[in-house]
Amino acid sequence: MGEPGDVAEQPSATVAAKDRPRPIIELEHVGKRFTGDGERTSHEALQDVNLSIDRGRFVCLVGPSGCGKSTVLNMIAGLITPSEGTLRYAGGQQQGINTHVGYITQKDTLLPWRRLERNVSIALEYQGVSRQERRQRVRSVIEQVGLAGFEKYYPAQLSGGMRKRATLARTLVYEPETLLLDEPFGAVDAIQRVTLHKMLLDLWERAGLTVIFVTHDLEEALLLADEVVVFGTKPGRIVHRESVPFERPRDILSLRGNAEFGELLSALWHRLEASNATTGIRPGGER
Amino acid sequence: MTTRAERGRRPPGSRQRVVVFAGQVLIIALIFLVWQSMSGNPQNGSPVNEFLFGKPSDIWLRFVEGIQDGSLPAAIGVTLEEALIGLAIGAGAGIVLAFALSLTWFGRRVLAPMVFALYAVPRFVLAPYFIFVFGLGLWSKVALVGAVSFFYAFMSTFQGALSVDAELDAVARMMQASRFQLVRTVNFPSAMIWVALSLKQATPNAFQAAIVAELLASNAGLGLVMSSSENRFDINGVLVGTLVTTALAILIYGLVQLATRPLLQWRSTPDADR
């Protein structure tokens with residue numbers, strides 16, 4: 001574990017930090033070792049990860065399976081604790097479940113026995129928001145994700161893309177400051193995915209969220225992010241960070257055909273391939 | 001964009017349902033018809049011995065007779081009472097205990113395995129003991145029915161309470177759900193499928209338990225109708241008891257299905273406005 005007293009003992013550092021906004025998420029020399037029954041079965045999922053993410057940024061973590069990108073996300077969510085190093089969220093060391101984040105995974109985490117509107121309102125119920133305010137906020141966020149008219153539907157009656165939007169609505173309604181997404185659109189068809197990308201960017205730009213988006217799809221990462229963090233395997237580690245230069249707001253459809261975009265994409269692919277020569281992934285392999 | 005609602009699983013055509021039902025009735029009628037025509041006194045050359053296998057027309061007469069003198073409705077009432085009280089107490093206790101044990105580590109790891117071990121005790125073997133303790137009347141039957149339905153409810157509910165999806169749990173906690181809210185909104189509803197299933201399984205078995213206890217020793221009920229008919233070599237009386245019990249079990253099963261449907265509505269409604 002890290003040194004919890006680190007920051008408090010250095011008042012000068014705190015003062016200096018006031019001059020520029022402090023990163024909302026900071027990982028310092030973070031490692032994670034998963035142990036099975038004994039040392040023999042332990043394996044190093046993550047090694048010496050240093051990463052700081054500023055408030056309001058859209059950051060994509062990219063890499064092949066087993067590179068530890070989801071482990072980083074789960075650490076920020078507070079579902080996993082680092083075995084080495086320090087993870088700070090909003091200046092404080094992260095302990096237990098992080099209730100400042102919204103968490104969306106590839107899997108469906110809607111409650112199947114609740115209709116759409118009651119799924120979306122659940123966080124507000126937990127937080128004791130009044131029925132009237134609840135109804136207003138739920139209606140507005142359901143409209144934002146384009147599901148107006150489907151309030152009374154059960155999740156089983158919605159398409160995969162609609163369920164994804166419902167999950168987005170359920171997460172946005174309680175206004176978490178950070179959105180953690182773990183391959184959220186993996187199971188959605190290409191056409192719906194474009195809609196969801198647009199929607200996500202639109203919501204991010206309007207709400208001033210910080211977004212950490214895990215994907216194995218480099219193109220998706222480049223289309224969406226301010227910064228792409230590339231992970232490698234064995235052990236999981238950061239192999240490259242790339243600032244994405246394209247202006248906001250982005251037109252993700254025309255961006256795909258942009259020459260500069262194509263160059264950046266293939267440059268990143270080469271870099272990824274060079275650092276993962278043994279893992280056998282190749283351009284387009286996972287699309 | 002098409003939704004599953006629009007694609008809609010079409011409810012099975014009502015015409016098809018009529019054909020299915022008519023076919024089933026026809027087959028049953030045919031069986032009774034063959035039975036009726038072949039059954040008789042073996043000394044007159046009938047292939048089926050009516051003293052051993054009964055005869056549908058005589059079963060019917062015996063049934064009407066029982067209804068008219070009031071003995072059959074009284075017996076049905078007694079058995080129903082035993083089965084339903086036992087089911088309510090046994091299944092209720094099973095559901096509550098399963099939930100309670102699922103909530104704490106001690107309950108899950110120390111107590112629940114002990115309850116599972118009790119499942120190995122053959123319940124019907126307990127019938128004489130219950131009669132010894134609770135006497136010939138209602139409560140010895142209720143005890144056996146309760147012991148039988150308790151395990152159906154406990155096993156399923158416990159399994160259901162533990163089968164909550166880990167991601168669902170994590171997401172709810174990120175949304176600041178309290179322990180109680182988590183149980184109320186996630187654990188409890190996700191166990192409901194299992195509870196409903198266990199009630200459906202327990203119902204016919206509850207009847208079986210009531211009848212077995214009555215057959216063993218009783219002063220009322222359908223089991224007594226059967227055992228006393230048997231003592232008089234009245235095979236038609238035994239068959240009346242059997243058929244009435246079967247009909248009751250099917251009827252109650254249907255009612256349980258109807259009663260648990262709202263719990264499971266979300267699984268299979270093609271129509272959201274219902």
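The model is predicted: local features need pLDDT of at least 70, side-chain atom pairs count only at pLDDT 80 or more, and totals for chains, interfaces and linings use all residues. Residues are numbered from 1 along each chain as its sequence is written, chains are lettered from A in the order in which they are written, and side-chain values use heavy atoms, without hydrogens and water.

**Interface of chains A and B**

- Contact (heavy atoms within 4.5 Å) joins 29 residues of chain B to 34 residues of chain A.
- The two chains bury about 2900 Å² between them, 62% of it on carbon and sulfur atoms. Buried area is the accessible area (1.4 Å probe) that two parts lose on being put together, summed over both.
- Met174(B), Met175(B) and Trp266(B) supply 27% of the area that chain B buries against chain A, more than any other three residues.
- One salt bridge is counted between the chains. Asp165(B) and Lys107(A) form it, at 2.8 Å, N to O. The rule asks for a side-chain nitrogen of Lys or Arg within 4 Å of a carboxyl oxygen of Asp or Glu.
- On the side of chain B that touches chain A, α1 (4-7), α9 (166-174), α10 (179-216) and α13 (265-268) each give two or more residues. Helices here are DSSP runs (H or I, at least four residues) and strands are E runs of at least two, numbered from the N terminus.
- α9(B) gives the most to this side, with seven residues.

**Salt bridges within chain A**

- Over all chains, the count comes to 18 salt bridges.
- Arg55(A) and Glu177(A) pair at 3.2 Å, N to O. They lie 122 residues apart, Arg55(A) in the loop between β2 (43-53) and β3 (58-62), Glu177(A) in the loop between α6 (160-172) and β7 (178-182).
- Arg55(A) is partly exposed at 48% relative accessibility, and Glu177(A) is partly exposed at 28%. Buried means under 20% relative accessible area, exposed over 50%, partly exposed in between (1.4 Å probe, protein chains only).
- Glu183(A) bridges to Lys69(A), with the closest N and O atoms 3.8 Å apart. Glu183(A) is buried at 17%, as is Lys69(A) at 5%.
- Arg137(A) and Glu133(A) meet at 2.9 Å, N to O. Both lie in helix α5 (residues 131-144), four residues apart, about one turn of the helix.
- Glu26(A), Glu28(A) and Arg88(A) are linked in a network of salt bridges.

**Arg62(B)**

- Arg62(B) sits in helix α4 (residues 56-68) of chain B. Arg62(B) is buried, with a relative accessible area of 19%.
- Beyond its neighbours within four places in sequence, Arg62(B) contacts residues including Ser229(B), Arg232(B) and Asp234(B).
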